[in-house]
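Welcome, and please open the model in your viewer. We will go from stop to stop, with something to select at each one.

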Amino acid sequence: MAFHAASGTADLLPERAHDFHLIERAAQQVFGLYGYQQIATPAFEQTDVFVRGIGQATDVVGKEMYYVFSQDAATKLVEKTALKADQRLALRPEGTAGVVRAAVQHNLVPPGAAPARLWYAGPMFRHERQQKGRYRQFHQIGVEFLGAAEASADAEVVLMLMRFFVACGIPAEAMRLYLNSMGDDDCRPAYRAQVRNYILAHSGTLCPECQRRADTNPLRAFDCKNPDCAAVMADAPRITDALCPSCAEHYAQVKALLVTEGLAFEENPRLVRGLDYYTRTVFEVQVDAGLGAQNAIGGGGRYDKLMEEFGGKPTPGLGFAVGLERIVLVLDELRVARGVPPATEVFVAGVVGAAASGTASVAGAAGAGATAASSTAAASAQDTKLRATVFSTAEALRVAGIRTQLDHQGRSLKSQLKLADKLGVCHCVIIGPEELAVGEVVLRNMQSHAERRVPLQKLPEILVEELRSG
Ligand SMILES: [Zn+2]
Ligand SMILES: [Zn+2]
């Protein structure tokens, strides 16, 4: 039977993997400009980390988590024996909860210290309904900026996010940045109650899910994709009218800084990020191309209560996450060229099996093809020596930093050259017994087909020079 990748997962074939690599490199470069360092937390955590950090009432935790059981835990589960906290494990559905858990565990933001600036990259897991650009194992890059409460921190994070997308190759004019404030503990409870009352007053026109949300998570009704719900929620009370003076001031400062830096944004009072932990500034970046109705490529916000939720000291924080699959879809749709460097630059070919056929020189052997090798011991010894030279020459080129391949399967010179052509190499090194006898090899330029003899000893430095100039 033939296996295939589990539904909702995708193999990243080399070209895609290279896209992901370029995006990670853009992250490293741009986030590095702002003093961020990379962190890597485990792909699974105790389930309670996500329940505490993201909220039981969210779809992410309530409906979409993948649980992880050891054989022992699975047996207990079948026997209906209670599992210890350390046996209740889940694959991470997002990156923030794990990073904040790690920041508390390792005391990364001690009182009075500079804020921690961390970024991460890796696979996340959610059992979602399948649609374009959505996977059950998907990849995110995100940042967490822990320890700064000021509006300038929010503005800096938003500017960095936009700079990162541009570094990935998405033109600034293709993106729209949406901004909102979700208030804090002083003003959001009253606002939540207003929305709850609004939902109850309109429950006849809302979907059953949104009616339930009145009691679990009323703000989530703003995210409902049902057109009737969207129409009703368009007239719901606006958070921006309900902010307390200090939240309103914070929000005004964020906007003023973005204006000063010339970054265009739109305010969207219905933008309430799906996760419970956000306070004050939230933002989302959307594009028109490639993603259908789900056109967000990244977003984030402030979460000033989250460190406390994990048992840390009160520590403000904020961050964002972006989806790599979605960025790649957008780059494809916008036909953004990604320079894929050739996997191989130089091919080292050997003229083997030629000794007895009287075509020992390179020029003659190229046309001779798969002439059967003589079985004489002398010819065989010569082949062995030549193969060893091909092998060590390829290694010497790699040491010099040149991407090099050679044939391991005993192909004729003709098919070695054909293979080199297929690999798209710019130069071929051809080693034949006659040239080798005087310490030389033939260097062929695959574009111009020009050939010259060069000393084997000098080959690495000659090729490095050629590749640098070409
Ligand atoms: Zn609804
Ligand atoms: Zn407030």
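Which side chains meet in a salt bridge at 2.9 Å, N to O? Select arginine 453 and glutamate 440, whose side chains form that contact; a salt bridge here is a side-chain nitrogen of Lys or Arg within 4 Å of a carboxyl oxygen of Asp or Glu. The pair links distant parts of the chain, with arginine 453 in strand β16 (residues 451-455) and glutamate 440 in strand β15 (residues 440-445), 13 residues apart. Helices (H or I, at least four residues) and strands (E, at least two) are DSSP runs, numbered from the N terminus. Arginine 453 counts as partly exposed at 43% relative accessibility, and glutamate 440 is partly exposed at 23%. For these words, buried means under 20% relative accessible area, exposed over 50%, and partly exposed in between (1.4 Å probe, protein chains only).

Before moving on, some ground rules. This is a predicted model, in which local features need pLDDT of at least 70 and side-chain atom pairs count only at pLDDT 80 or more, while totals for chains, interfaces and linings use all residues. Residues are numbered from 1 along each chain as its sequence is written, chains are lettered from A and ligands numbered from 1 in the order in which they are written, and side-chain values use heavy atoms, with hydrogens and water left out.

The whole structure holds 26 salt bridges. Arginine 88 sits in the loop between α4 and β4 (89-91), and aspartate 48 in helix α2 (residues 47-54), 40 residues apart. Then select lysine 63 and aspartate 59, where the N to O distance is 3.5 Å. Lysine 63 counts as exposed, at 53% relative accessibility.

**The zinc site**

Now center on the zinc ion (ligand 1). Its coordinating atoms are the SG atoms of Cys207, Cys210, Cys224 and Cys229, at 2.2 to 2.3 Å. Donors are N, O and S atoms within 2.8 Å of the metal (3.2 Å for Na, K and Ca); water is not among the atoms, so sites may look incomplete. Angles of 104 to 114° among the 4 donor atoms make the site tetrahedral, a label given to four donors if all angles lie between 85 and 135 degrees. Along the sequence, the donor residues follow the spacing C-x2-C-x13-C-x4-C. Cysteine 207 counts as buried at 13% relative accessibility, and cysteine 210 is buried at 0%.

**An aromatic cluster**

Show the rings of Phe31, Tyr36, Trp119, Phe145, Phe164, Phe165 and Phe320, which form one aromatic cluster. The structure has 6 aromatic pairs; rings of Phe, Tyr and Trp (its six-membered ring) pair if their centres lie within 6.5 Å, and planes under 30 degrees apart count as stacked, over 60 as edge-to-face and the rest as tilted. Phenylalanine 31 and phenylalanine 164 make a tilted pair, 5.3 Å centre to centre with 40° between the planes. Phenylalanine 31 lies in helix α1 (residues 14-33) and phenylalanine 164 in helix α6 (residues 151-168), so the pair ties together parts 133 residues apart in sequence. Both phenylalanine 31 and phenylalanine 164 are buried. Phenylalanine 31 also pairs with phenylalanine 320: the centres are 5.9 Å apart and the planes at 65°, so this pair is edge-to-face. Phenylalanine 320 belongs to strand β11 (residues 317-323), 289 residues from phenylalanine 31.

Technical notes. Tetrahedral: all angles 85-135°; square planar, octahedral: opposite > 155°, others 65-115°.
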